Amino acid sequence: WIGGQQIPTASTTRDQYLYLFPTIHFGWQATEKAYIGAAYSKGIERPNFQYLNPFRYYMTPTHYFAGNPYLTPGLTDNVEVNFNNGRGLYVVLYESHQSNALGTLTSFPADDVQSTTVENSFSADKMGLYASWQRNLFPWWNVNVGGEVFYAQSISTKESTHLKNLYSWSGKVELSSDWFLTHAHTLVLNASYSHYLPCVNMNAKYEGYALLYAQLRYSLLNNRLRLSLSVSDPFRQNIYHFTSRY
């Protein structure tokens, strides 16, 4: 249950809800190593305090953000089928549907005034296929390669917002590797790179971005002391650029 009191306006808002969230897993050991699984789960996305607080926060003298105390949670249904061959290959086919999803909306209620708030204004779907392969190529070298392709859509559920429906195919590729530089595996170099293709999320279109990460780890005193040196995004690729339409 939720209760809010706005002292300057002497207003009170209350809400309460009750949901059931089942999670179901099935698994089949097809062979000694091959495994096939299926799962269903239901989830919830509750609005945070800032989204519920109706007090106006001015970002500029003419642009303010105000929460919405009448928001309700978004509900998510997730279904997946996965396969593991026991030799480093993992594949999962999934679908996720979110109803009553939250969207950030901007309007112009008067001349030279810009207002931003949040409403339950979207229905979102994401369905895709993810696969990864991991193998110890040598005793001193481990490699993990993965990739994903998915289709995403955001459907506006409120005509009054005049938001446009967005659709996109997208995906990502990822590569990580471990080099064991000593026989006792006390000195390890790890490097990973992920590249994300352009995609849509609610009322925004995101451009592609990437992330490079590397770490050198050293363990001594029978693994009781660990030293590490890491670098993240040295080429400034992990920067979000997006366009939001309203």
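The structure is a predicted model, in which local features need pLDDT of at least 70, side-chain atom pairs count only at pLDDT 80 or more, and totals for chains, interfaces and linings use all residues. Residues are numbered from 1 along each chain as its sequence is written, and side-chain values use heavy atoms, with hydrogens and water left out.

We can begin with the overall form. The protein has 1 helix and 17 strands, assigned as DSSP runs numbered from the N terminus (helices are H or I with at least four residues, strands are E with at least two). Its radius of gyration is 24 Å, well over the 18 Å that the globule rule gives for 246 residues, so the protein is more spread out than a compact globule. That radius is taken over C-alpha atoms, and the globule rule is 2.2 Å times the number of residues to the power 0.38. Along the principal axes, the C-alpha atoms fill a box of roughly 70 × 45 × 35 Å. Buried residues account for 30% of the 246 residues.

Aromatic contacts come next. Rings of Phe, Tyr and Trp (its six-membered ring) pair if their centres lie within 6.5 Å; planes under 30 degrees apart count as stacked, over 60 as edge-to-face and the rest as tilted. The whole structure holds 12 aromatic pairs. One of them joins phenylalanine 138 to tryptophan 141, stacked at 6.3 Å centre to centre with 5° between the planes. Tryptophan 141 also pairs with tryptophan 140, where the centres are 6.0 Å apart and the planes at 15°, so this pair is stacked. Phenylalanine 138 is partly exposed at 42%, and tryptophan 140 is partly exposed at 43%. Ring pairs link these residues and Trp179 into a cluster of Phe138, Trp140, Trp141 and Trp179.

Charges sit over rings as well, under the criterion that NZ of Lys or CZ of Arg is within 6 Å of the ring centre and within 35 degrees of the ring normal. The charged end of arginine 56 lies over the ring of tyrosine 64, 4.1 Å from its centre. Lysine 126 is placed over the ring of phenylalanine 150, with its charged end 4.3 Å from the ring centre.

Side chains of opposite charge can pair when their charged atoms come close. Counting a side-chain nitrogen of Lys or Arg within 4 Å of a carboxyl oxygen of Asp or Glu as a salt bridge, the model has 3 salt bridges. Lysine 42 meets aspartate 77, with the closest N and O atoms 3.1 Å apart. This pair links distant parts of the chain, from strand E4 (residues 35-45) to strand E7 (residues 74-84), 35 residues apart. Glutamate 119 and lysine 158 likewise form a salt bridge, their closest N and O atoms being 3.1 Å apart. Here strand E9 (residues 113-138) holds glutamate 119, while lysine 158 is in the loop between E10 and E11, 39 residues apart. Lysine 172 and glutamate 174 meet at 3.6 Å, N to O, and both are buried.

Two loop residues complete the picture. Histidine 185 has a positive phi near 60° and lies in the loop between strand E11 (166-180) and strand E12 (187-196). Asparagine 222 has a positive phi of about 55°, and at 74% relative accessibility it counts as exposed.

Conventions:
Buried means under 20% relative accessible area, exposed over 50%, partly exposed in between (1.4 Å probe, protein chains only).
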